[in-house]
Amino acid sequence: MIDLRADLLAADRAARRAAQTRFDVPLVLEAGAGTGKTTTLIGRLLAWSLGEGWERSVQRLAARSSLGKPREEGPDRVAAEVLGRVVAITFTEAAAAEMASRAARELASLASGGPAPDWMEASVLPPEPERARRARALLGTLDHLAVRTIHAFCRGLLADYPLEARVH
């Protein structure tokens, strides 16, 4: 007999893990209320910002440095670069506020040297004390993170690019 429940739980765990480990393809989360979408998205945000996104930002900043000479960027500059390239989009203002609040709370915990939450894929995070150093820098530049509703995000695009969107 096939255990459908066990198969569904395994698929759910695999999807949540992919959200924190796969950054080479876009991912879509589709789930009902109270199933952990915000937790999964915060896990993806933290995994990206503390891990692969941080490393990519260090490389981007080094490539942009004057005269092509690599220079060491400070953690605050790297953190601003990381968060400036992230957009967290949701449907309601309440969900956006919750997402921003949770991101700040989890970063504060990691910045103080706390362990990764049990729902985090810890293998993608840097080891301590580098994790806490990065988390502190990200927390200090959290104003660069765009957490918006879909409507606010689209309105911002139209406001920033009216000619390209052919609106006056």
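Which element gives the largest share of the lining of the second largest pocket? The tour reaches that pocket at its second stop.

The model is predicted, with local features requiring pLDDT of at least 70 and side-chain atom pairs pLDDT 80 or more, while totals for chains, interfaces and linings use all residues. Residues are numbered from 1 along each chain as its sequence is written, and side-chain values use heavy atoms, without hydrogens and water.

**First stop: the largest pocket**

Select Leu41, Arg44, Val87, Ala88 and Ile89, which lie nearest the centre of the largest pocket among its 31 lining residues. A pocket here is an open set of points on a 1 Å grid over the protein atoms alone, where a 1.4 Å probe fits, with protein on both sides within 12 Å along at least five of seven lines; lining residues have an atom within 4 Å of a point. Next, colour helix 2 (37-50), strand 1 (87-90) and helix 5 (93-111), the elements that give two or more residues to this lining. Helices (H or I, at least four residues) and strands (E, at least two) are DSSP runs numbered from the N terminus. Helix 2 provides the largest share, seven residues. The space amounts to about 900 Å³, a volume being that filled by probe spheres set on points joined across faces, edges and corners.

**Second stop: the second largest pocket**

This pocket has a volume of about 200 Å³. Select Asp12, Ala15, Arg16, Leu29 and Thr40, the closest to its centre of the 14 lining residues. Then show helix 1 (4-21) and helix 2, which each give two or more residues to the lining. Helix 1 supplies the largest share, with five residues.
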